[in-house]
Amino acid sequence: RINLLNTGELYGEGYSIVDVKIGKNFRFANKRVNVGVDIFNFFNNDAIRSYEDSLDVVDNPNTPVVEAYGQATGLLSPRYVKLSVQLDF
């Protein structure tokens with residue numbers, strides 16, 4: 001394996017992740033219920049987080065090197081929603 005770049009030298013587009021939490025407390029008869037919704041990656045950004053930055057050396061010199069150099073190896077996680085209910089008594 002031949003490293004063509006130092007770790008972290010190949011950068012893609014910038015990105016920011018926005019997570020949103022909405023919750024409400026309900027109180028009744030000395031009890032409390034927390035109801036919440038969490039939305040992760042709210043704007044559903046699909047930016048690339050990491051790239052392949054090395055090449056594998058092929059033993060046979062007659063075989064062309066077709067590699068995945070510069071290909072995406074990690075993306076941001078997709079948008080997802082988490083619902084929660086908590087009862088305190």
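Guide: A charge counts as sitting over a ring if NZ of Lys or CZ of Arg is within 6 Å of the ring centre and within 35 degrees of the ring normal. The charged end of Lys-24 sits in this way over the ring of Phe-26, 6.0 Å from its centre. The model is predicted, so local features need pLDDT of at least 70 and side-chain atom pairs count only at pLDDT 80 or more, while totals for chains, interfaces and linings use all residues. Residues are numbered from 1 along each chain as its sequence is written, and side-chain values use heavy atoms, with hydrogens and water left out.

The protein chain has seven strands and zero helices; helices (H or I, at least four residues) and strands (E, at least two) are DSSP runs, numbered from the N terminus. Strand S2 covers residues 20-28 and runs antiparallel to S3, with nine bridges joining them; two strands pair if DSSP finds at least two bridges between them. Phe-26 has Val-33 in S3 as its bridge partner. The hairpin of S2 and S3 has two residues between the strands, and Ala-29 there takes a positive phi near 45°.

On to the ring pairs. Rings of Phe, Tyr and Trp (its six-membered ring) pair if their centres lie within 6.5 Å; planes under 30 degrees apart count as stacked, over 60 as edge-to-face and the rest as tilted. By this rule there are two aromatic pairs. Phe-40 and Tyr-80 are stacked, at 4.7 Å centre to centre with 25° between the planes. Phe-40 belongs to strand S3 (residues 31-40) and Tyr-80 to strand S7 (residues 80-88), so this pair ties together parts that are 40 residues apart in sequence. Both strands also pair directly: S3 and S7 are antiparallel over nine bridges, and Asn-34 stands opposite Gln-86 in S7.

For accessibility, buried means under 20% relative accessible area, exposed over 50%, and partly exposed in between (1.4 Å probe, protein chains only). Phe-40 is partly exposed at 22%, and Tyr-80 is partly exposed at 43%. The other pair, Phe-42 with Phe-43, is edge-to-face, at 5.1 Å centre to centre and 80° between the planes. Here Phe-42 is partly exposed, with a relative accessible area of 33%, whereas Phe-43 is exposed at 60%. Across the protein chain, 12% of the 89 residues count as buried.
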